[in-house]
Amino acid sequence: MNKKKRILSGMRPTGKLHLGHLVGALENWVALQGEYDNFHLIADYHALTTSLDTSEIYNNSIEMLIDWLSVGLDPAKSPMFRQSQIKEHTELHLILSMLITAARLERNPTVKEQVRDLNIENISYGHLGYPVLQAADILLYKGEVVPVGEDQVPHVEITREIARRFNTQYKKVFPAPEPKLAKFARLPGLDGNAKMSKSAGNTILLSDSPDTIQKKMGKAVTDPLKIRRGDPGRPEICLVFYAYHKKFNPAEIPVIDRDCRSGALGCVDCKANAANHIIEYLVPFREKRRQYESNRNHVEEILHDGEARARLVAQKTMKEVHEAMGIG
Ligand code: SF4
């Protein structure tokens with residue numbers, strides 16, 4: 001039997017997750033569980049690149065882990081662990097940072113985009129080196145596949161370059177990982193923004209109550225020319241249609257398309273219907289979340305078990321790194 005390829009995937013612990021995380025990443029992670037050997041990283045050091053406030057990091061990590069478990073990630077199959085608790089991440093980061101030039105990192109389009117979007121005047125040394133820490137995360141577990149959105153592909157390319165550079169300079173230790181694009185594009189935010197994100201305040205959280213989901217969906221932007229029921233609408237430009245109904249209510253697409261265009265359907269009812277389907281979709285998630293929330297000790301045990309398993313792999317890799325370099 002062929003050995004399963006290993007996948008490293010992770011997220012920064014920014015708190016409770018939203019539908020964009022579910023559609024853009026988590027459903028993909030769950031689908032890949034049987035086929036690959038998965039490691040899931042809670043990237044708490046990466047969180048420092050955009051905020052130095054650490055007061056909520058632990059709590060956010062636990063909330064994110066509860067969301068991961070509640071969507072169906074299986075801790076028996078896939079270790080889940082915090083980056084900060086496996087010291088080898090920072091050690092490998094330091095070694096790898098010698099194998100790439102500052103100019104190469106400055107050219108990285110993702111960092112350039114972040115600097116522009118977050119209005120950062122003076123980027124920190126650590127933020128510029130974000131892709132190097134990410135390379136350490138992946139290579140420490142010898143990840144062969146990295147599930148990413150399109151914006152992360154340049155980071156995987158940097159990881160490949162660093163892996164090749166190490167292997168040539170010292171001895172072959174690392175595979176060159178391949179990016180695996182997520183099946184779905186980003187889920188747009190309720191305000192029509194291309195991306196659902198907490199900072200934009202345009203999200204539906206996986207843990208939102210049915211009432212909150214209805215209220216949030218009620219504020220979603222629609223076709224601006226369809227003011228009241230009776231006005232003909234254009235579903236193709238309405239995000240409630242092309243994003244939410246298409247994903248969460250595919251069976252009714254032809255009827256909604258017809259009734260929106262004819263004016264028989266009003267936006268208030270159409271949005272309430274979309275919200276109902278999202279609520280329905282999240283029923284199993286909500287039930288599991290309730291169970292994990294009421295047993296946080298168990299969640300912490302899962303985390304510590306994942307960290308112990310990840311640490312063994314990380315230590316083995318660092319032994320190989322030290323031997324290849326003739327250090328230690
Ligand atoms: S009826 Fe539905 S699909 Fe048509 S514009 Fe309104 S919310 Fe969008």
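Trainee: With which residues is Glu-307 in contact, leaving aside its neighbours within four places in sequence?
Mentor: This is a predicted model, in which local features need pLDDT of at least 70, side-chain atom pairs count only at pLDDT 80 or more, and totals for chains, interfaces and linings use all residues. Numbering starts from 1 along each chain as its sequence is written, and side-chain values use heavy atoms, without hydrogens and water. Contact means heavy atoms within 4.5 Å. Once neighbours within four places in sequence are set aside, Glu-307 is in contact with Met-80, Phe-81, Arg-82, Gln-85 and Ile-86.

Trainee: Is Glu-307 buried or exposed?
Mentor: Glu-307 has its place in helix H14, where helices (H or I, at least four residues) and strands (E, at least two) are DSSP runs numbered from the N terminus. Relative accessible area, computed with a 1.4 Å probe on protein chains only, is called buried under 20%, exposed over 50% and partly exposed in between. Because its relative accessibility is 3%, Glu-307 counts as buried.

Trainee: How do Gln-315 and Leu-312 count by accessibility, and what are their values?
Mentor: Gln-315 is found in helix H14, residues 296-325, and Leu-312 is found in helix H14. Gln-315 counts as partly exposed because its relative accessibility is 40%. For Leu-312, the class is exposed, with a relative accessible area of 58%.

Trainee: What C-alpha distance separates Leu-312 from Tyr-141?
Mentor: Leu-312 and Tyr-141 are 171 residues apart in sequence. In space, their C-alpha to C-alpha distance is 9.9 Å.

Trainee: Where is Lys-142 found?
Mentor: Lys-142 is not a glycine, and its phi is positive, near 50°. Lys-142 is partly exposed because its relative accessible area is 24%. Its place is the loop between helix H7 (130-140) and strand E4 (145-148).

Trainee: Which residues does Leu-32 touch, not counting those up to four places away in sequence?
Mentor: Leu-32 is found in helix H1, residues 19-32. It counts as buried because its relative accessibility is 6%. Leu-32 and Lys-215 are 34 Å apart, C-alpha to C-alpha. Beyond four places in sequence, Leu-32 touches Ile-7, Asn-38 and Lys-180.

Trainee: What volume does the largest cavity have?
Mentor: On a 1 Å grid over the protein atoms alone, a cavity is a set of points where a 1.4 Å probe fits but cannot get out, a pocket is an open set with protein on both sides within 12 Å along at least five of seven lines, and lining residues have an atom within 4 Å of a point. Points are joined across faces, edges and corners, and a volume is the space filled by probe spheres set on them. The count comes to 1 cavity of 30 Å³ or more. The volume of the largest cavity is about 100 Å³.

Trainee: Which of its lining residues are closest to the centre of the largest cavity?
Mentor: H10, helix H11 (253-262) and H12 each supply at least two residues of this lining. Of the 13 residues that line the largest cavity, the closest to its centre are Lys-226, Cys-238, Cys-260, Cys-267 and Cys-270.

Trainee: Which residues are around the ligand?
Mentor: The ligand sits in the largest cavity, meaning that more than half of its atoms lie within 2 Å of the grid points. Helix H10 (239-248) and helix H12 (267-281) are the elements that give two or more residues to the shell. The residues around the ligand are Thr-222, Asp-223, Lys-226, Cys-238, Val-240, Phe-241, Cys-260, Cys-267 and Cys-270.

Trainee: What residues does Pro-232 touch, not counting residues up to four places away in sequence?
Mentor: Pro-232 lies in the loop between helix H9 (210-218) and H10. It is exposed because its relative accessible area is 55%. Its C-alpha atom is 9.4 Å from that of Gly-266. Beyond four places in sequence, Pro-232 touches Lys-226, Cys-260, Arg-261 and Gly-263.

Trainee: Which lining residues are closest to the centre of the second largest pocket?
Mentor: The second largest pocket has a volume of about 260 Å³. Of the 13 residues that line this pocket, the closest to its centre are His-93, Ser-97, Leu-105, Tyr-125 and Gly-129.

How values were computed: Near = heavy atom within 4 Å.
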